[in-house]
Amino acid sequence: MTETYDVIIIGAGPAGMAAAIYTGRARLKTLILEKGMPGGQILLTDFVENYPGFPEGVVPFELMDNFRKHAEKFGAKIETDEVKEIRKEGELWHVVGNKGEYSGRAVIIATGSSYRKLGLPEEVELTGRGISYCGTCDGAFFKDREVAVVGGGDHALTEALFLTKFCTSVKVIHRRDEFRGEKIIQERIFANEKIEVLWDSVIEEIKGKDKLESISIRNVKDETIRELKIDGLFISVGMDPNTSFVKGLVEMDEMEQIKVSQKMTTSQPGIFAAGDVTNACPEQMATAVGTGVAAALAVDEYLSRLATPSAD
Ligand SMILES: Cc1cc2nc3c(=O)[nH]c(=O)nc-3n(C[C@H](O)[C@H](O)[C@H](O)COP(=O)(O)OP(=O)(O)OC[C@H]3O[C@@H](n4cnc5c(N)ncnc54)[C@H](O)[C@@H]3O)c2cc1C
């Protein structure tokens, strides 16, 4: 017979593990299902400077290992499995993974988001052959090479700065004429001699047979096209929420992020959501943690109400 948990948390990123610390301390029997390594997408970077309480910055691997230990200390169990479906069976939620099926009285979806693709024909074929979505992971392979980063948000700019440690030159291709995001990062970009920003520019074509050779860039203001020979292209144009497995189950917005209330409830009673997967989280670790905590408190309140039938 399947073991029944009070709460099943899907995703062991900052949101999921913060939630588990609180559900564990509320003495709720907690299972976390994680498809990869516990820690979430913050493990894709090597250093975090803006997480409160760490004025000298913190190494994400160490921070997230402490999140995991903290969640396990209060009783959370972590299983490696990728969730494919959630369905209601009687009073319980049935969570279906690749390896097994799990039963819970409440569910917190904290599956975060994944890199968005440009959608160009050669993109998939040349990924790993010059195209990458993670400078921190792959930057060292491009020592003394010329690379470009596409994107204009904090992620893209941080990637560009990181790549200057290895590469001879880094072009930043941005479709607008200014950056959004943190000013301190922009200042570092403009001060770095290895970085050149190509404003108002979009990539039209990616070229290469067995490896990336060049890209065609169109200036969106004067419509000129220029060819750029590069060894590496780092794509950093945003993230898409990991919500395909709950399509039709919970309400989502036009970006396919899960719609949540202030208490992180979704359109399905008993299903809660937290972190970057929701429409209520500005894609930062601290906010993911905050929404994870809010979801855990709401689950505790929800389960207490279920256990105490109303007088009428
Ligand atoms: C390169 C990079 C640098 C960043 N730098 C910073 C920074 O300096 N400061 C900052 O505050 N934020 C930063 N962020 C953003 C921060 O990492 C995210 O906002 C935060 O990790 C979101 O947490 P989360 O728990 O909502 O989701 P995630 O961290 O995405 O965690 C979700 C987890 O769910 C798992 N999962 C997904 N689908 C399933 C499934 N179907 N079944 C089981 N498990 C599943 C994933 O494997 C993942 O471990 C950065 C992000 C990136 C990519």
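Predicted model: local features only at pLDDT ≥ 70, side-chain atom pairs only at ≥ 80, totals over all residues.
Local features need pLDDT of at least 70, side-chain atom pairs count only at pLDDT 80 or more, and totals for chains, interfaces and linings use all residues. Residues are numbered from 1 along each chain as its sequence is written, and side-chain values use heavy atoms, leaving out hydrogens and water.

Let's start with the ligand.

Now the polar contacts, meaning N or O pairs within 3.5 Å. A ligand nitrogen sits 2.9 Å from a backbone N or O atom of Val83. A ligand oxygen is 2.9 Å from a side-chain N or O atom of Gln284. And how much of the ligand does the protein cover? That would be 92% of the 1,000 Å² of accessible area that the ligand has on its own, by Shrake-Rupley with a 1.4 Å probe.

On to the sheet. Five strands (DSSP E runs of at least two residues) form an open sheet in the order S8-S15-S9-S10-S11, with parallel pairing; a pair needs at least two DSSP bridges. Its edge strands are S8 (131–132) and S11 (195–198). S9 (146–150) and S10 (169–173) pair over five bridges, and there Glu146 stands opposite Ser169.

Terms used. Polar contact = N/O pair within 3.5 Å; in protein donor to acceptor, adjacent residues only side chain to side chain. Helix = DSSP H or I, 4+ residues; strand = E, 2+ residues; numbered from the N terminus.
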